[in-house]
Amino acid sequence: MDNKHIRWLYGQLPDLITKGVLDAATADKMRSHYGPVQAPNSRRWLILAFSIIGALLIGGGVILIIGHNWDELSRPLRAGISLALLLTAQALCWWVLYTGRDGAAWREGAGTFAVLAVGGCFAMIAQTYHLSDDFGGFMLTWMLMSLPLVYLLNAVVPAIIYLAGITGWAAHMQGWEGMGQAVGFWPLLALVLPYIYRQVRPDPYHPRAVWSLWALGVCLCVAMSICLEKTIPGMWLIVYTGFLASFYLAGAFRQDSSKSVWRRPMLFIGGAGLLIIAFIQTFKDTWERIGWHHYSERLHPWAAAQDYCLAAGLTVLAIVMFMKSFRAGRPFQVVLGLQPILTFIIFGAAGFFDNDAVQALAMLVFNGYLL
């Protein structure tokens with residue numbers, strides 16, 4: 001049996017003993033039969049790390065060398081070099097797939113190099129023939145053209161680059177002046193979620209699953225602050241507490257058997273985020289001038305629908321996870337899962353009454369909660 005399946009089986013044994021499906025003697029016999037969970041092969045991970053770093057250095061180095069001598073090259077030569085870089089990366093990916101190289105080092109290295117080659121080729125061709133200099137269009141094209149590599153090569157580094165890329169695209173679209181809107185981030189995110197689910201479902205402690213969840217958690221924390229239209233001041237509190245509580249509680253049911261913080265990204269990001277927001281909620285300024293009485297007409301009022309959908313959907317999800325934790329008898333998770341419910345109630349009261357008494361009550365409630 002694979003190491004990941006043995007780890008999964010050992011994680012299920014305590015629950016099976018508690019429910020009476022197995023007795024302790026049978027569980028001990030199973031552990032004796034399958035043996036201990038083998039420690040990760042450090043040599044294999046070293047090779048994987050060097051393959052990724054090597055792909056980044058080679059891809060970036062080639063682009064820098066070409067860029068340094070760019071003015072000395074003719075247009076046909078520039079186009080030829082750009083296409084040659086892309087074709088070389090595609091040939092490497094084809095060779096990895098054709099020869100059945102299932103090693104993570106080959107897949108991650110080839111995928112990383114190919115993603116860089118796609119972006120470099122697009123950028124050099126656009127500069128050579130003076131095409132549109134729209135950064136948003138460039139990032140969107142680059143990410144969509146790179147996404148198939150994630151699924152074809154089953155590589156997590158291209159997925160992380162994709163998540164970072166669509167987050168950067170959202171930041172550009174939203175704009176410092178608020179001239180754009182980044183609602184398109186959500187369908188772009190949906191395109192990569194099946195890959196992340198496929199990594200997490202069989203073994204949430206596998207390095208690919210752990211890396212994917214770290215990237216997803218950070219990406220969502222950043223992207224939500226970018227994408228929210230913020231027409232109703234303070235609604236971000238409901239959105240963030242709902243997301244962080246749901247993220248934390250989902251991780252508590254899937255990644256709670258490991259003592260390593262690194263292997264539990266959902267618990268760390270969700271738990272740390274909830275505590276930070278709880279600290280923010282203890283200040284009076286947080287509860288001043290919030291709610292629908294202070295509705296702000298933005299450039300894209302239609303985009304406020306995403307705020308309402310996120311607030312409602314994440315609150316409902318957080319309540320469902322809270323009830324599941326309550327029925328499972330997990331007091332610490334129940335306490336953290338209570339935060340979005342308190343936030344929703346206090347936000348509604350502060351928005352409806354909009355007076356100093358409610359603000360003082362909010363400060364008192366969340367000081368007590370944080371304590």
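1. Helices H14 and H15 are roughly antiparallel to each other, a label given to angles over 145 degrees. H14 spans residues 339-353 and H15 spans residues 356-370; their axes cross at roughly 170° and come within 9 Å. Axes here are lines fitted to C-alpha atoms, for helices over the stretch in contact, and angles run from 0 to 180 degrees between N-to-C directions. Helices are DSSP runs (H or I, at least four residues), numbered from the N terminus.

2. The H14 side of this contact (heavy atoms within 4.5 Å) consists of Gln-339, Leu-342, Thr-343, Ile-346, Ala-349, Ala-350 and Phe-353. H15 supplies Val-358, Ala-362, Val-365, Phe-366 and Tyr-369. By class, the contact of H14 with H15 has 10 nonpolar residues, 2 polar and no charged. Ala, Val, Leu, Ile, Met, Phe, Trp, Tyr, Cys and Pro count as nonpolar, Asp, Glu, Lys and Arg as charged, and the others, Gly among them, as polar.

3. A note on the basis: this is a predicted model, in which local features need pLDDT of at least 70 and side-chain atom pairs count only at pLDDT 80 or more, while totals for chains, interfaces and linings use all residues. Residues are numbered from 1 along each chain as its sequence is written, and side-chain values use heavy atoms, with hydrogens and water left out.

4. Helix H7 (residues 156-174) packs against helix H8 (residues 185-200) at about 170°, with the axes 10 Å apart. That makes H7 roughly antiparallel to H8. From H7, the contact uses Val-156, Ala-159, Tyr-162, Leu-163, Ile-166, Thr-167, Trp-169 and Ala-170. From H8 come Phe-185, Leu-188, Leu-189, Leu-191, Val-192, Tyr-195 and Ile-196. The residues of the contact of H7 with H8 divide into 14 nonpolar, 1 polar and no charged.

5. The largest nonpolar core has 86 residues. Such a core is a set of buried Ala, Val, Leu, Ile, Met, Phe, Trp, Tyr and Cys residues joined through side-chain atoms within 4.5 Å; buried means under 20% relative accessible area (1.4 Å probe, protein chains only). Those with the most contacts inside the core are Leu-163, Ile-166, Phe-185, Leu-189, Val-192, Ile-196 and Trp-287. Helix H9 (residues 207-227) gives the largest share of this core, 12 residues. Apart from this core lies another, of 5 residues, among them Ile-6, Leu-9, Tyr-10 and Ala-27.

6. Not counting residues up to four places away in sequence, Phe-185 touches Ile-166, Thr-167, Trp-169, Ala-170, Cys-219, Leu-220, Ala-223 and Cys-227.

Note on methods
Helix = DSSP H or I, 4+ residues; strand = E, 2+ residues; numbered from the N terminus. Parallel < 35°, antiparallel > 145°, perpendicular 65-115°, else oblique. Buried < 20%, exposed > 50% of the residue type's maximum accessible area, 1.4 Å probe, protein only.
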